[in-house]
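Reader: I'm new to this one. Can you walk me through it?

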Amino acid sequence: MSPMNILRRHRVAALLGAALIISPVVVSFAQNNAGLSTVAATTQTPVPGITAPNGSFAPVIAVTKPAVVTITSVTKAQAQDEGSPLGGNVPFDQFFQQFFGDQGMPMPKAPPQQQSQRQEALGSGFIVGADGTIVTNNHVVDGASSIKVTLDDGTELPAKLVGHDAKNDLAVLKIKADKPLPTVKWGDSSKLMTGDQVLAIGNPFGIGTTVTAGIVSARGRDLHSGPFDDFIQIDAPINHGNSGGPLVDVNGNVIGINTAIYSPNGGSVGVGFAIPSDQAEKVVAKLMKGGDIEYGYLGVQIQPVTPDVASAIGIDHPGGALVSQVTDGSPAAKAGIETGDVITGFGGQEIKDPKDLSRAVADVSPGARETVNIWRKGKAMQISADVGRNAEDQKTASNGNQSRSPSAEQGLRVPSLGLGLTDLTPDIRDQLNLAGNQRGAVVERVNPDKAASAAGIQPGDVIVGVDQTLVKTARQANQAIAEAGKSGKKSVLLLIDRGDAQIFVAVPFAAG
């Protein structure tokens, strides 16, 4: 499994540091325990008016650094293991071993009493309100029993958690001070361009507020860590403890929140990620009102419309979100959305890809009625859907990638695609853990040199539809594929049942 695919925005085990070390590559989140900070991404953009004549960033830092704070959160230990130097946090021990042991440095030992009672994590944040409102990452304070904020001048103050949102990895804190507090302003991340200069400010490793500079390396990065991934990638050095700190532009405005790094060793290698300010500012405004954020829920599994899929279903160009499965009883099912529909618009917004739909639905308040634009079997149509409430176990979109064991039985061959199909029997249903009423054609063999293999078809997949027509047997599937080939289509669209999900796979016919 790819390291990025198992990225998560929460603390490891008992919060002895929010770093996930995934060998050989690690995605880490900025937070710390026992003196170590976890990693977050940061960057800054060129400062048009504030930079000094010699190109120094000093004027920008003078304006922004006073508003950057260090956040220390404390949690109670969940377990104790005398064999562990950090009191039972095996994943974090592995991080320590990699970060210290592999470099010949002695492993730090935590006092036995501290191991069993409390653990500290370190991150960064920034003040956006003179009333003491502070923004940071959710993973910096998630599950904390107490939170302490250290201002740039060294003043330590207790902080209250006002609101948090795990899906966007954002949290809002509040402190009370007996003096005016410096603040920073939000910038416009939509204007950022690859190559723009940026500055990351935070407290790496707990050594004190530190500033690093770099450029925007890329926009729109998806780390597969949540439904709203749209990270700014930067090369400004950031490390453990930078999480939650601001990424500022050359005007001193916050255009991102440092959140994660991609690293082979737990340290900065110049690949960091920040949440764009345009996304964060909206969420923070809601969190400032207190509590959690409720997200809309439609109840569909969706996937991209690739050129092959577009060709198979007769769309002029790729775009939209292809519905591969509709959850029974969901708002989508009640609205009449069907498997095979391509959603091209939602709530007045154009849907260019599945991520657009996930964000559009999530941004709608539960209970709202929205218009859904659909392309169905050659016709454009419009329906209305009542958006539901998204519980933790519900997803607007997901992709099935669970493989199964193939059947050993010989069945029909589909040489044009390189498939061997067989009917579903009671034994095969048991073997694949399928319902008794499941129908379709089981893929028992895939020729590695043919188109089906290249398209990702796997032994154990169950073909339940061909070109948006349901099939019940291997013979029906074979006939439908043959008819698609005779019709002159460049590819055939197969609806695959795989694991707990359904996906569409477009398989091109061999040329000639």
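Author: One term before we start. Helices (H or I, at least four residues) and strands (E, at least two) are DSSP runs, numbered from the N terminus. Also, this is a predicted model.

Reader: OK. Where is Gln-438, then?

Author: Gln-438 is in the loop between helix 9 (426-432) and strand 24 (441-446).

Reader: Is Gln-438 buried or exposed?

Author: Gln-438 is buried. Its relative accessible area is 15%, and buried means under 20%.

Reader: Which residues does Gln-438 touch?

Author: Leaving aside residues up to four places away in sequence, Gln-438 touches Leu-424, Arg-429, Val-462, Val-464 and Asp-497.

Reader: New topic. Which strands close into a barrel?

Author: Six strands do, in the order 2-3-4-7-6-5. Their pairing is antiparallel. From one strand to the next, the twist averages 40°.

Reader: How many bridges join strand 4 to strand 7?

Author: Four. Strand 4 covers residues 133-136 and strand 7 covers residues 170-174.

Reader: Last one. Where does Ile-201 lie?

Author: Ile-201 is part of strand 8 (residues 197-202). Ile-201 is buried, at 0% relative accessible area.

Reader: How far apart in space are Ile-201 and Ala-213?

Author: They are 8.9 Å apart, C-alpha to C-alpha. In sequence, Ile-201 and Ala-213 are 12 residues apart.

Methods
Residues are numbered from 1 along each chain as its sequence is written. This is a predicted model: local features need pLDDT of at least 70, side-chain atom pairs count only at pLDDT 80 or more; totals for chains, interfaces and linings use all residues. Side-chain values use heavy atoms; hydrogens and water are left out. Two strands pair if DSSP finds at least two bridges between them. Axes are lines fitted to C-alpha atoms, for helices over the stretch in contact, and angles run from 0 to 180 degrees between N-to-C directions. Buried means under 20% relative accessible area, exposed over 50%, partly exposed in between (1.4 Å probe, protein chains only). Contact means heavy atoms within 4.5 Å.
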